[in-house]
Amino acid sequence: MPDASTARGAAPAASGAGATPVKPRRDWRIAVASGKGGTGKTTVAVNLALSSRGPVQLLDCDVEAPNARLFLSLTDVRRNAVTIPIPEVDQTRCTACGQCGEICAYNAIVAMGAPPIVFPRLCHGCGGCMRICPRHAIREVPREIGAVAVAGNGHLRFVEGELTIGEAMAPPVIRAVWSELAPGTPAIIDAPPGTTCPTIEAVRGSDVVALVTEPTPFGLHDLELAVAMVRALGLPHGVIVNRMGIGDDRIQRYCEREGVAVLAEIADDRSIAEAYARGIPLVTAQPQYAARFHELRARLEELAAQGTQHAQGGAGGDGCDAQEVS
Ligand code: SF4
Ligand code: SF4
């Protein structure tokens with residue numbers, strides 16, 4: 001029976017805004033995100049971690065479709081359930097006053113002249129109904145919505161969250177992944193694609209965000225949304241252009257205009273896709289990439305240390321100075 005990890009915990013603290021120019025620490029938290037799926041985000045996250053020359057942790061926060069583990073040989077896997085607290089009504093105490101239903105913003109508890117009915121899948125576990133009940137007729141019971149696995153692979157510590165199929169609330173599972181972050185060790189965070197709540201939950205505790213995109217109209221459209229998201233969060237960020245060669249230079253022109261650093265370009269190379277399809281990390285299939293990912297990580301750490309002007313939404317940044325990874 002796995003231990004339960006209740007997810008109404010403290011969210012990771014945001015950082016970046018107002019950061020001092022240089023931080024003395026080395027345990028940077030680097031999030032890898034993308035405005036759209038299928039850009040190569042997991043490839044970048046996994047290879048950033050595997051190219052590390054020292055201890056590192058990889059957090060797979062893409063909890064609706066975690067797949068970083070497919071590229072890793074893991075040992076000592078420990079798996080814990082993730083639960084949220086949902087209300088259970090003691091009908092012997094309830095006077096059907098309806099206050100619990102009135103306070104619930106999600107219509108997850110409904111009382112219409114009778115003891116309330118709870119709809120567990122709509123409940124966000126906020127505890128509001130329990131607190132407002134004048135009769136103390138509500139207690140909380142845990143409901144499992146996913147799991148977090150922690151495993152090792154040499155100097156790599158791996159944490160993965162997985163939302164149970166059919167469940168809708170990814171953020172509590174992502175918070176549970178973050179709660180497993182080992183302090184003092186650098187971390188790479190594989191964030192969910194997009195710009196909605198799960199992505200924000202995954203990246204907001206990071207020091208810097210690498211936005212992976214591709215040089216297509218869709219890639220640019222979704223990159224613009226992703227840049228707006230990290231700017232709103234006040235997080236330093238840079239761009240990695242994957243599959244260079246399938247489109248044009250619209251990403252580079254956008255980044256130059258916006259003062260966003262292009263940190264790396266990865267060629268559209270069939271051998272990379274073949275290694276991915278076989279579950280072989282790029283740095284294993286083509287070891288020459290290890291040094292390039294190491295350099296990429298150094299650039300990201302530099303951005304994190306600078307706490308760039310992007311954090312305040314201003315112009316600036318490093319301009320279009322891509323590291324050629326192809
Ligand atoms: S607030 Fe308490 S007493 Fe009122 S309907 Fe809800 S459970 Fe019953
Ligand atoms: S815990 Fe919050 S979300 Fe769930 S039923 Fe109560 S008020 Fe609604």
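At what angle do the axes of helix α6 and helix α7 cross, and within what distance do they come? I began my notebook with this pair, after noting the ground rules: this is a predicted model, in which local features need pLDDT of at least 70 and side-chain atom pairs count only at pLDDT 80 or more, while totals for chains, interfaces and linings use all residues. Residues are numbered from 1 along each chain as its sequence is written, and chains are lettered from A and ligands numbered from 1 in the order in which they are written.

**Entry: two helices**

I reminded myself that two packed helices are described by the angle between their axes and the distance between the axes. For helix α6 (residues 217-233) and helix α7 (residues 250-258), I found that the axes come within 10 Å and cross at roughly 25°. The axes here are lines fitted to C-alpha atoms, for helices over the stretch in contact, and the angles run from 0 to 180 degrees between N-to-C directions. That angle makes α6 roughly parallel to α7, since angles under 35 degrees count as roughly parallel, over 145 as roughly antiparallel, 65 to 115 as roughly perpendicular and the rest as oblique. I also noted that α6 passes α7 in a right-handed crossing, the term for a near helix turned clockwise from the far one by less than a right angle, anticlockwise being left-handed.

Next I looked up which residues meet: G219, L220, L223 and V227 in α6 are in contact with R250, I251, Y254 and E258 in α7, where contact means that two C-beta atoms, placed from the backbone, lie within 7 Å.

**Entry: the whole chain**

I then stepped back and found ten helices and 13 strands in the chain; helices (H or I, at least four residues) and strands (E, at least two) are DSSP runs, numbered from the N terminus. Of the 326 residues in the chain, 48% are buried, a word I use when 20 or more other C-beta atoms lie within 10 Å of a residue's own, with exposed for 12 or fewer and partly exposed in between, the C-beta atoms being placed from the backbone. Among contacts between residues at least 6 apart in sequence, 77% join residues at least 24 apart.

**Entry: the core**

I looked up the largest nonpolar core and found that it has 87 residues, with V32, I188, I189, V203, A210 and V239 having the most contacts inside it. Such a core is a set of buried Ala, Val, Leu, Ile, Met, Phe, Trp, Tyr and Cys residues joined through C-beta atoms within 7 Å. Helix α10 (residues 288-306) gives the most to this core, with seven residues. Domain 1 (4-82 + 144-324) and domain 2 (91-136) both give residues to this core, so it lies between them; the domain bounds come from an automatic or database domain assignment.

Leaving out residues up to four places away in sequence, I188 touches I30, V32, A45, L48, A49, V56 and L58.

**Entry: two phi values**

I recalled that most residues other than glycine have a negative phi. D76 has a phi near 55°, a positive value in a residue other than glycine, and R243 likewise has a positive phi, near 60°. D76 lies in strand β4 and is exposed, with 8 other C-beta atoms within 10 Å. R243 lies in strand β11 (residues 237-244) and counts as buried, with 21 C-beta neighbours inside 10 Å.

I found A96 in the loop between β4 (75-89) and α2 (99-103), where its 16 C-beta neighbours inside 10 Å make it partly exposed. A96 and A114 are 18 residues apart in sequence and 4.9 Å apart in space, C-alpha to C-alpha. Leaving aside neighbours within four places in sequence, A96 is in contact with A111, G113, A114 and P115.

In the loop between α6 and β11 I found L235, which counts as buried with 28 C-beta neighbours inside 10 Å. The C-alpha atoms of L235 and V209, 26 residues apart along the chain, are separated by 6.9 Å.
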